[in-house]
Amino acid sequence: MRVLFLGDVVGKPGRRAVVESVPHLLATAGADFVIANCENASGGVGVDPRAASELLKAGVDVLTSGNHIWAKRDIVEYLRDSDVLLRPLNFVPASPGRGFTVKRSRSGVDVAVVNLIGRVFMGNYDCPFRAVDAALETLRPRARVVVVDMHGEATSEKVAMGWYLDGRVSAVIGSHTHVQTADERILPRGTAYLSDAGMCGPRDSVIGVKRELVLDRFLTQMPTRFEVATGPALLQGALVDVDEGSGRATAIQRIQQTVDV
Ligand code: FE2
C-alpha cells in the first residue's frame with residue numbers, strides 16, 4: 001500500500017493546495033491513505049473545525065497536529081468527538097483528544113497513525129519515547145501498518161526517534177519546521193524515515209508567514225503580528241510504500257509541487 005504524508009498545512013494557501021492536489025495525487029500517485037499535519041491550517045496558527053472538515057473532505061484520512069492545536073478555542077469540542085484529528089500523544093493525559101487512531105485505507109488495510117511531539121526547543125511534554133512504547137502495545141493487535149508523525153524542532157530528536165522505532169513501525173516522519181529535509185531513507189529494519197516533510201503553504205514566505213513581517217521582527221526585535229503570506233503554494237510531503245503483510249516500508253519518496261492558489 002502507499003501512504004501520502006503531507007507536511008504542515010499553513011493557512012488558506014496551504015488548504016487550497018491540499019484541496020486542489022490531493023484528489024489528483026490519490027489518482028495519479030496511487031496513494032491509499034493520506035495523513036496531513038493541520039496545526040497551522042487556520043490563519044497560520046491552530047486549526048478550527050471548518051478547516052479540519054475542509055481537509056478531510058479533500059481526501060485526507062487522518063489529521064495530525066502539534067504545539068499550536070489549542071490556538072482556536074472551538075477545536076477543543078471537535079477534538080473530543082473526532083477519531084481522525086489527533087493531538088500529540090505525549091501531552092499530559094488529562095488533555096482532551098487522542099494521540100493515535102486506526103482507520104481503514106481505500107485498499108482495505110487498517111492503518112494506525114500516532115502523533116508525537118518532541119521536547120527539545122519545544123515544551124514540557126511527557127516523554128515521547130515512553131509514550132510511543134505504550135501506544136504500540138495497544139496498537140499491535142489492531143494494525144500492522146503504523147505511521148508516526150514526530151512533531152518537533154530538533155532533527156537530533158527526530159532522528160533518534162527514527163532509530164528507536166526502526167522495525168516497530170512502518171514510518172517515522174517529522175513535522176513542525178516547515179522546511180523539507182532531504183534525508184529520506186529506509187532504516188535497516190524496515191522503517192521509512194524523513195526528518196521533516198516540509199509544508200503545504202505559501203512558498204515565497206518565511207515558513208508560511210509574510211516575509212516582511214518576519215524580517216521586521218528580526219531587525220527591530222519589536223512584537224509584530226504575523227500574517228500568512230499569499231502567492232503560489234508549495235505542497236510538500238512524502239509517499240511511503242508499505243508491505244501491508246509485514247508492516248515494513250519498501251520505499252519512501254519526497255514530493256514537492258508548486259500549486260497556483
Ligand atoms: Fe508546530
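Which side chain makes a polar contact with the side chain of Ser195? Asp183, at 2.5 Å. By polar contact I mean a pair of N or O atoms within 3.5 Å; within protein, one must be able to donate a hydrogen and the other to accept it, and residues adjacent in sequence count only if both atoms are side-chain atoms.

Some ground rules. This is a predicted model: local features need pLDDT of at least 70, side-chain atom pairs count only at pLDDT 80 or more, and totals for chains, interfaces and linings use all residues. Numbering runs from 1 along each chain as its sequence is written, and side-chain values use heavy atoms, without hydrogens or water.

Back to Ser195. It sits in the loop between β10 (192-194) and β11 (199-202). Helices (H or I, at least four residues) and strands (E, at least two) are DSSP runs, numbered from the N terminus. Ser195 counts as buried because its relative accessibility is 1%; the cut-offs are under 20% for buried, over 50% for exposed, partly exposed in between, with a 1.4 Å probe and protein chains only. Beyond four places in sequence, its contacts (heavy atoms within 4.5 Å) include Thr155, Lys158 and Gly174.

Now the sheet. Six strands, open, mixed pairing, in the order β5-β6-β7-β8-β10-β9. The edges are β5 (100-104) and β9 (185-186), each pairing on one side only. Pairing takes at least two DSSP bridges between two strands. Strands β7 (145-151) and β8 (171-175) run parallel over five bridges. Met150 stands opposite Gly174 in β8.

Last, helix α5 (155-165). It packs on the sheet and touches β6, β7, β8, β9 and β10. Its direction makes about 165 degrees with that of β8. Axes are lines fitted to C-alpha atoms, for helices over the stretch in contact, and angles run from 0 to 180 degrees between N-to-C directions.
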